[in-house]
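Please read it alongside the sequence and the coordinates.

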Amino acid sequence: MPCKPASAALRSEKASETSIIPMNTTNKRLVLALLAVTLSTYGTCAPQASQAVKANEELMAVQGEIGKPGGRLIASLRADPKNLNPVTALDLPSKQVLSLLFADLIHINLYTQRTEPALAKSWTVSPDGRHYTIELRRNISFSDGHPFDADDVVFSFTVYLDEKVHSPQRDLLLVGGKPVQVRKLGPYRVAFDLDQPYAAAERLFDSAYILPRHLLEQAYKDGKISQAWSPAQNPKGIAGLGPFRVKEYVPGQQIVLERNPFYWKVDARKNRLPYLDEVAFLIVPTQDAEVVRFQGGDLDVLDSISAQDYTVLEQDQKSKPYRLYDLGSGFQYEFLFFNLNDLSAKGDPEIRRKQEWFRRDEFRQAVSAAIDRAAIVRLVYQGRATPLWGHVTPGNRLWIDSAIPHPPRSLERAAALLKAAGFSRRADGTLVDAHGSPVEFSILTSPSNAQRTKIATIIQDDLSKLGMNVHLVPLEFQAVMAKVFTSFDYEASILGLASGDADPNPEINVWTSGGGFHIWAPAEPHPLPAWQSDIDRLMQQQTAVLKFDDRKKIYDRVQELAAQHDPVICLVSPNVLAGVKDSVAGVQPAVLKRHVMWNTEQLYLRSPASARK
Amino acid sequence: MAADRRVWLAAAGLALVHLCVLSAGLLAPYDPEEQNRDLPFSPPMRLHFVDSAGSFHLRPVVHPWVAFMADGAPRYQEDKTRALPIRFFVRGEKRGGGTGTAGRRLFGVDAPAHVYLLGTDDYGRDQLSRLLYGGQVSLFAGLLATMIALSLSLLLGGISGYFGSWADDIIMGSAEIFMALPWIYLLFAVRAFLPLHLDTRQAFFLVISIGGLTGWARPSRLIRGVVLSGKQRDYVRAARGFGASTAYILRRHVLPDVSSVALTQAALLVPHFILAEVALSFLGLGVGEPVPSWGNMLAGLQNYYVLKSYWWMSISGLALIPVFLLYYWLSDALQARLSGVAQ
């Protein structure tokens with residue numbers, strides 16, 4: 001593959017009009033002069049040509065368009081990546097960058113939503129579903145050229161499972177409460193032992209990135225692995241098995257990745273991937289700024305767009321060189337929820353008094369019946385969302401329970417439910433409970449999320465028709481999180497959750513009591529409501545059932561219980577919206593997160609050498 | 001005198017604005033909280049005096065909007081087949097739990113159609129009604145906060161200037177501290193600690209009192225200066241020599257000097273506090289939905305798509321301009337009169 005330093009460097013400087021001038025002698029000098037300037041600003045090295053494919057290298061051939069090598073793709077991050085260490089990274093920007101720097105054994109293809117081989121060339125499962133034997137790719141290398149083998153795999157899982165390291169990955173690698181055991185069987189063969197059969201075992205390995213033992217073993221022995229690889233210290237020292245490696249990081253401005261010349265994927269014509277020389281993430285703090293920069297041509301990719309911004313972009317689509325994707329319902333669900341925590345004696349007596357209403361199934365069902373979901377879809381999302389009555393979104397075609405009823409909005413049904421629960425209307429229309437106190441509560445919103453604030457305003461108006469007096473309390477997002485997860489000092493709020501996977505297992509965290517995202521009651525009341533115990537039991541049960549149809553039946557029951565008892569009142573699922581510049585090809589947008597950037601190694605520029613317009 | 005006439009002109013202009021806002025119950029065609037979910041972001045309707053046949057009517061008509069989709073965005077078109085004559089003194093309805101009142105409305109069209117002379121917002125609420133009711137909140141927040149700030153500064157500035165010594169040191173010292181505090185950040189912090197059950201009315205008074213409490217420092221320094229120079233005049237010394245009491249001197253000699261300064265200050269402070277309310281509500285800290293204020297009406301403009309596509313969402317910002325100009329003219333004219341008197 002020819003090295004194309006000139007085009008890459010010039011593109012980055014946006015002085016690139018020069019490079020489309022025909023190369024006569026005078027202009028050549030001009031280009032060379034410019035090139036000298038850009039090279040000195042952008043470091044010393046042109047992107048390294050990919051290594052020739054070695055005969056014994058076990059590469060993975062992927063299907064898809066055959067692309068053109070070279071060029072730089074410009075994307076954006078909402079904030080600086082806080083931590084480029086896969087062991088401890090938590091924040092979204094870091095995870096976005098890490099997904100390009102590292103690779104896992106078995107990968108979930110975000111487009112097909114199914115697992116596929118990655119660093120694991122193949123694997124076998126024992127008949128009882130508890131033992132996995134994995135064959136690794138041979139003779140492939142980390143991005144610093146160091147060879148990869150079973151020791152790296154054993155080292156990575158040892159680190160992730162070490163309780164002293166406090167890696168967030170550890171929780172994901174527990175099966176039946178017990179950690180997965182890893183054994184080395186040979187230089188390219190490892191075995192994983194599970195405590196009990198686990199339906200989604202292959203999916204455990206996704207995003208459990210393989211670490212380079214030769215770089216991190218010393219830090220691990222010194223007990224300092226959590227501190228290794230913060231982006232502030234020498235980010236070039238990071239080596240992984242992903243398609244890219246860090247080239248340069250300017251805090252607050254950008255992080256530039258360059259192609260990993262040793263990457264282990266090739267296209268159908270045996271060209272080593274990735275096609276792009278560089279991926280630059282500009283740090284753009286707000287969504288509006290992202291949209292303006294995309295519209296102005298500064299960004300090549302907008303991985304997610306709000307419905308309103310989509311409308312703005314769509315109006316200009318005819319005159320501007322970009323295309324937009326509306327992929328329909330994604331995996332995100334927005335919901336209203338009440339504080340159902342066990343506040344015992346120490347909680348605010350006012351909130352505890354109101355919890356008597358919140359705990360009534362009829363109360364929550366009445367609220368759900370009164371909410372005009374169609375209006376939310378229309379007014380908040382310009383029609384680019386789907387109303388929801390259960391937590392599994394239509395985007396999850398495999399697992400959604402289509403039997404869940406979709407009752408239309410009915411104030412009469414809501415009023416009847418409230419009446420059955422002992423509520424009544426005063427002469428002035430105010431709804432009062434059995435003790436005669438008016439029904440009045442507050443919904444926490446954060447002004448930084450305009451969509452949720454608008455949803456709350458619509459709900460406020462809807463519930464006023466039932467005689468409920470609802471206040472909106474604007475608070476900074478972190479303050480909302482603190483109240484919901486720590487102090488439990490709130491009455492109701494609106495939040496959204498998005499599963500990163502189609503499988504029900506990540507939802508265990510949300511739906512079983514004691515789960516980390518059991519939002520409405522992290523401090524679970526005693527005794528548990530009967531339906532909650534049922535959900536707990538069913539969610540545990542489905543993890544060990546290996547046949548899809550049997551699992552689906554169990555998960556359908558969970559969805560029915562959740563929809564029937566409304567611990568959270570599901571409202572809408574926003575459509576997945578993305579935008580890509582026309583010059584970028586190889587795009588296969590997916591409804592799961594990293595909608596456009598999930599296959600960055602296969603993205604390419606239609607004319608990598610030409611100017612940026 | 002020219003300055004006098006300007007004072008009266010500006011004051012009359014302001015009185016008219018406040019009168020309009022006060023009679024929102026009559027002038028506003030709808031309840032400001034009434035949502036018309038079928039017509040979000042509909043543009044202002046045009047009044048037609050000339051019908052399609054070209055003949056002139058004294059009673060204007062409006063054509064209702066019909067929504068259609070174009071380039072993926074909802075657009076509106078006038079339905080020329082239907083003409084809604086504007087009727088005067090129609091009966092209005094109160095919405096349960098809302099801000100508006102029942103009774104006669106100055107104008108309207110036959111229900112169930114609506115007339116939106118300034119368009120609608122993102123929930124299909126009438127912008128004209130929200131502008132009028134929102135003015136009640138914003139303009140009177142300015143007036144009330146000015147009253148609080150001015151009475152505080154009269155009291156503290158007066159004490160400081162008249163009695164001097166340690167009282168002066170303490171009061172002027174704390175005034176400097178007040179001026180140095182970063183109020184916006186403090187407000188964010190205070191909001192997070194407030195009880196959840198703060199309703200809109202309480203939030204409104206909170207905004208006013210915070211405005212008033214923070215605003216006393218600057219005018220009190222001015223008033224202290226006036227009092228200080230006033231009490232050293234020869235005729236004040238003479239009065240004291242004849243045995244006049246402190247109260248008599250304050251009432252008779254010092255207050256007249258102070259009052260004109262205070263009036264000029266008031267004319268400057270009111271727009272300052274209106275702006276403070278607008279800024280706080282814009283940030284979501286002031287008056288909350290669904291009660292309108294000129295600040296929270298502008299909050300939608302934080303979104304790029306609103307700013308780009310719907311100009312009538314900035315109507316309350318536009319309304320601020322003449323109000324501010326009138327207040328500044330008034331303050332200028334007062335200042336001119338003051339210096340005229342001094343000469």
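Where in chain A is the place of A:Q382?

1. The model is predicted. A:Q382 is found in the loop that joins α12 (373-381) to β18 (385-387) of chain A. Although A:Q382 is not a glycine, its phi is positive, at about 50°. Most residues other than glycine have a negative phi, and most peptide bonds are trans.

2. A further backbone point in chain A concerns a proline. The peptide bond that runs from A:L273 to A:P274 is cis, and its omega is near -5°. A:P274 belongs to the loop between β13 (265-266) and β14 (278-283) of chain A.

3. In chain B, attention is drawn to a helix pair. Helix α3 (residues 127-163) of chain B packs against helix α9 (residues 246-282) of chain B at an angle of about 135°, and the two axes are 7 Å apart. An angle of 65 to 115 degrees would count as roughly perpendicular and one over 145 as roughly antiparallel; α3(B) and α9(B) are therefore oblique to each other. The crossing of α3(B) past α9(B) is right-handed.

4. The residues of this packing may be inspected directly. From α3(B) they include B:L139, B:L143, B:T146 and B:L150, and among those they meet from α9(B) are B:V258, B:L269, B:F273 and B:I274. By class, the contact of α3(B) with α9(B) comprises 16 nonpolar, four polar and one charged residues.

5. With 37 residues, α9(B) has end C-alpha atoms only 47 Å apart, whereas a straight helix would reach 54 Å at 1.5 Å a residue. In α9(B) there is a kink of about 50° at B:L255, shortly before the proline B:P256. Just after α9(B), B:G284 adopts a positive phi of about 85°.

6. Finally, the contact between the chains. Chain A contributes 33 residues to the contact and chain B contributes 28 residues. On the side of chain B that touches chain A, the elements giving two or more residues are α5 (183-193) and α11 (304-309) of chain B. The most comes from α11(B), with four residues. By class, this side of chain B has 11 nonpolar, 10 polar and seven charged residues.

Methods: Residues numbered from 1 in each chain as written. Chains lettered and ligands numbered in written order. Predicted model: local features only at pLDDT ≥ 70, side-chain atom pairs only at ≥ 80, totals over all residues. Axes fitted to C-alpha atoms, helices over the stretch in contact; angles between N-to-C directions. Parallel < 35°, antiparallel > 145°, perpendicular 65-115°, else oblique. Left-handed = near helix turned anticlockwise from the far one by under 90°. Contact = placed C-beta atoms within 7 Å. Nonpolar A, V, L, I, M, F, W, Y, C, P; charged D, E, K, R; others polar. Expected span 1.5 Å × (residues − 1). Bend = angle between axes of the 7 residues up to and from the residue.
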